[in-house]
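I opened the model to see how its parts pack against one another. My notes follow in the order I looked things up.

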Amino acid sequence: MTASRLQVRGLTKAFGANTVLRGLDLDLAVGEIHALIGGNGAGKSTFSKILAGLLPRDGGEISLDAAGYAPRDRRAAQAAGVVMVLQELSVLPTLNVGENLFLHALPTRGAGIIDRTRLASQARAALDRVGLSGLDPETPAATLGVGHQQLVEIAAGLAQECRVLILDEPTAALTRAEIETLFGLLRSLRARGTSILYISHRLDEISELADRVSVLRDGQLIATLPARETSRDQLITLMAGEAGEKAKATQSAGKIGPVLLQVRDLQAGPAVRGVSLAVHAGEIVGLGGLVGAGRTELLRAIFGVDRATGGEVRFGPGLVPVAPGSPRAALAAGFAFVPEDRKQHGLFSPLSVQWNASCARWPQRRRWLGWLDRVAEAAEAGELLSRLQVRFSNLGQAVAELSGGNQQKVVIGRWLRREIRVWLLDEPTRGVDVSARRAIYALLRERAASGAGVLVASSDYDELAALCDRIVVLSQGRVAGEFTPATLNPAAFLAAAFHGFSGTATSRS
Amino acid sequence: MLRSRGLSEFLFLALLLAALVGLFGLLSDHFWSLGTLQTVTNRIPSLALAALGLTFVLVAGGIDLSVGSVSAVAGAVFGWCVADRGMPVAVAAGAALGAALVCGVINGALVNALRMPSFIVTLGLLEGARGFAYLVTNSQTKYLGERLALLQATPVGGLSVAFLLAVALTATAHFVLTRTVLGRHLVAVGTNEEAARLIGVSPTRVRAVVFGISGLLAGLAGLCHVARLGAADPNAGSGLELSAIAAAVIGGTSLMGGRGSMLATFIGVLIIATLEAGLAHLGVSEPMKRVVTGVVIVGAVAAESIRARIAARRARQGGL
């Protein structure tokens with residue numbers, strides 16, 4: 001390695017009580033491809049967003065080419081030569097490729113009239129640089145495939161001179177040919193002295209492409225190693241930490257009963273590619289895996305929010321098939337679903353606490369008329385909310401005013417008003433404080449003890465380890481491993497989670 | 001939701017109405033009279049019924065621009081049945097309401113099946129239904145005389161049957177929206193459609209119901225109009241949808257869905273009718289009347305949103 005490009009020392013960042021970066025150090029050399037890996041919550045995304053000026057840091061020093069570096073926003077970072085290609089696509093489908101590339105600085109003839117000739121030639125040059133010489137800058141962006149949109153995005157990042165290029169999972173949507181194009185481009189950028197920070201779950205790609213690889217865990221740098229000489233197993237061990245460190249058994253002592261939920265070869269879109277699993281009465285089953293492994297999509301397909309494209313869902317003890325694509329059918333079978341995104345999919349934010357607590361089942365005076373019993377509604381909601389120890393000022397208060405933990409208690413607790421046999425929960429403790437988290441665990445254990453089946457998707461290894469009787473690991477939309485508390489350890493768990501990301505050429509559509 | 005809306009909002013609307021009545025009474029010698037009351041109550045049933053139906057749709061997160069044209073379809077079908085076919089009035093009225101219901105069902109079905117915005121679907125029916133009304137009547141006004149006199153009878157205190165019907169339906173609609181599971185489902189879909197689906201509410205069913213109700217009430221509005229004029233005019237109710245939107249919005253109904261009140265919509269209708277009658281009393285010219293009406297609509301909504309913001313700030317400071 002030659003000269004140092006970027007030096008990070010003691011970087012810290014917390015979101016409320018949740019500390020993400022705990023004194024991170026990292027060195028990036030001039031003209032290297034530096035891979036960044038780590039499990040969920042290791043701090044990769046937070047770190048790269050701080051570098052790109054998308055998040056402010058709490059503490060620590062960063063220097064860029066020996067000068068202090070503290071960008072106020074994304075624009076300032078780009079002016080300093082640090083460019084991040086965002087994971088989510090930001091290509092505007094109604095504009096053409098050239099307009100997308102230079103939206104931040106469209107060439108004009110003055111008076112705001114776009115100089116189309118100059119735009120086309122600039123765009124062509126930028127496309128040449130990413131190996132897309134065949135693409136006409138006048139092509140409407142909407143007609144491009146996802147892979148090409150991603151490459152256009154990268155071209156947009158490179159349209160400006162850059163010293164540090166940050167890529168976060170850039171190959172997730174690319175075909176093998178597009179990946180080759182991208183890798184070729186990255187290598188030529190490296191030759192010109194650009195430093196590339198490359199975040200990926202795909203360990204095979206890293207050994208193919210990167211010079212060095214840094215492993216993050218719990219917001220700290222664990223090691224920086226030469227990428228080619230480091231084995232996959234070594235990396236997984238480093239990401240996992242000391243094996244068996246946190247093996248404990250606080251599982252429900254209750255009896256495991258008959259099968260309540262059986263999922264057979266379920267497929268849904270590109271994310272769920274044939275999953276089979278079962279949840280028994282009295283059992284809490286965890287669903288683990290990396291971000292993008294298909295956990296959310298699996299739960300949504302089981303509950304019928306998204307229509308499964310293959311396979312089936314059955315409800316025990318009689319193993320009755322549940323009609324696909326219908327949350328109403330799933331509810332009738334005794335399923336309940338607590339979505340990942342509380343604000344978008346769970347809460348009726350402007351409405352009252354009482355409303356949100358009662359909406360799973362309204363107390364009625366005359367069923368045929370649907371005439372509500374408002375006295376009972378208030379009483380039952382009040383009783384439910386105090387049982388869950390939700391902190392609120394009055395029943396008419398807008399639920400949006402509650403803290404995240406109390407909102408989540410409402411979203412989960414509303415189902416206690418129905419006879420729920422199978423609980424499907426997606427990240428039930430995300431953005432939730434410690435006391436609410438404990439309350440939610442206690443509630444789920446109590447439900448399982450009373451004979452319900454619980455399926456919990458979580459990105460938090462400790463949560464899965466502490467809560468579940470059994471843990472199923474998804475990788476690239478398939479089951480890649482299954483653990484009991486006795487067999488669970490971080491290294492084996494991570495190895496399973498990364499399993500589907502090997503053999504890049506074959507496993508991708 | 002009901003508690004947070006509170007009485008203060010109704011109070012605000014009632015005060016606005018009282019202020020208008022008071023103002024016109026002071027400005028004009030003859031405004032405070034039984035005659036004025038009769039004029040106002042006579043004019044509003046059509047608007048009130050259309051606005052109630054529209055409020056259902058708005059609360060569920062949609063919009064129905066076709067209410068005026070659908071009311072004309074009902075009138076036209078009624079006129080055709082009675083004048084051209086010589087059917088009994090009850091049968092004709094049934095046919096008219098049936099036609100209006102079909103229009104509403106078409107709106108709901110198109111919005112559901114094609115996943116199109118209701119604004120566009122009902123804009124299509126705004127034109128299409130109007131055209132149908134012209135076709136049915138052969139573009140002519142059919143004079144029907146006293147056939148629907150029943151609706152115009154004044155059994156109590158000079159208030160017409162049509163007005164009393166509108167009041168009764170307002171009360172019913174208010175009950176449905178605030179005291180029934182259906183009402184809760186409308187609010188759920190209008191507030192957060194995805195969350196509603198996850199608690200087992202079918203947005204498709206809810207939309208089918210609200211557009212059906214809106215069509216039916218627009219049909220009833222058309223019959224009230226026929227009763228008042230003694231004639232079925234294919235041009236009747238043009239612009240009714242905009243007045244109905246204005247009434248709902250003055251009443252605090254959100255165009256984004258999830259929020260609205262039938263009583264408040266009814267007060268909104270009264271405000272619009274009072275304004276119209278009052279300005280007529282003062283001899284204000286037609287163009288000037290429209291300018292003032294526009295100012296009052298925007299002013300009322302602006303004042304209400306300022307009131308709500310102040311109330312929210314006070315709640316934040318005092319409540320917690």
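**Chain B against chain A**

I began with the interface: 21 residues of chain B are in contact with 27 residues of chain A. For contact I used C-beta atoms, placed from the backbone, that lie within 7 Å. This is a predicted model, where local features need pLDDT of at least 70, side-chain atom pairs count only at pLDDT 80 or more, and totals for chains, interfaces and linings use all residues. Residues are numbered from 1 along each chain as its sequence is written, while chains are lettered from A and ligands numbered from 1 in the order in which they are written.

Which helices of chain B supply at least two residues each to the side that touches chain A? I found α1 (2-27), α8 (181-191) and α9 (193-198). Of the elements on this side, α8(B) gives the most, with five residues. Helices here are DSSP runs of H or I with at least four residues, strands are runs of E with at least two, and both are numbered from the N terminus. By class, I noted eight nonpolar, eight polar and five charged residues on the chain B side. Ala, Val, Leu, Ile, Met, Phe, Trp, Tyr, Cys and Pro count as nonpolar, Asp, Glu, Lys and Arg as charged, and the others, Gly among them, as polar.

**A helix pair in chain B**

Next I took α2 (residues 34-59) and α12 (residues 262-281) of chain B. Their axes come within 8 Å and cross at roughly 140°. That makes α2(B) oblique to α12(B). Axes are lines fitted to C-alpha atoms, for helices over the stretch in contact, and angles run from 0 to 180 degrees between N-to-C directions. Under 35 degrees counts as roughly parallel, over 145 as roughly antiparallel, 65 to 115 as roughly perpendicular, and the rest as oblique.

I read the crossing of α2(B) and α12(B) as right-handed. Residues meeting here include Val40(B), Ile44(B) and Leu47(B) from α2(B), and Phe266(B), Val269(B) and Ile272(B) from α12(B). The contact has 13 nonpolar, six polar and one charged residues.

**Two domains in chain A**

I then turned to chain A. It is divided into domain 1 (4-80 + 162-168 + 184-240) and domain 2 (259-347 + 420-507); such bounds come from an automatic or database domain assignment. Their centres, taken over C-alpha atoms, are 31 Å apart. Domain 1 puts 13 residues into the contact and domain 2 puts in 14 residues. On the domain 1 side, α7 (203-209) and α8 of chain A each supply at least two residues. The most comes from α8(A), with four residues. That side has five nonpolar, five polar and three charged residues.

Which helix packs against α8(A) at about 125°? I found α17 (residues 490-499) of chain A, with the axes 8 Å apart. The two helices are therefore oblique to each other. α8(A) passes α17(A) in a right-handed crossing. Ile236(A), Thr237(A), Met239(A) and Ala240(A) of α8(A) make the contact with Pro490(A), Ala491(A), Leu494(A), Ala495(A) and Phe498(A) of α17(A). I noted eight nonpolar residues, one polar and no charged.

**Sheets in chain A**

I traced an open sheet of six strands in the order β16-β19-β20-β13-β21-β22 (chain A), with mixed pairing. Strands pair if DSSP finds at least two bridges between them. β16 (335-338) and β22 (478-483) stand at the edges with a single partner each, so one side of each lacks a neighbour in the sheet. The twist averages 20° from one strand to the next. Inside it, β13 (284-288) and β20 (453-457) of chain A pair in the parallel sense over four bridges. Gly286(A) stands opposite Val456(A) in β20(A). Helix α15 (residues 434-449) of chain A lies across β13, β19 and β20, at about 145° to β20(A).

A further open sheet has four strands in the order β12-β11-β14-β15 (chain A), with antiparallel pairing. Its edge strands are β12 (272-280) and β15 (320-321) of chain A. β11 (259-268) and β14 (310-315) of chain A pair over five bridges. Leu261(A) has Phe315(A) as its bridge partner in β14(A).

Where does α9 of chain A lie in relation to β11, β12 and β14? I found α9(A) lying across them, at about 115° to β11(A). α9(A) (residues 295-303) also lies across β13, β16, β19, β20 and β21 of chain A, at about 145° to β19(A).

Terms used: Left-handed = near helix turned anticlockwise from the far one by under 90°. Contact = placed C-beta atoms within 7 Å.
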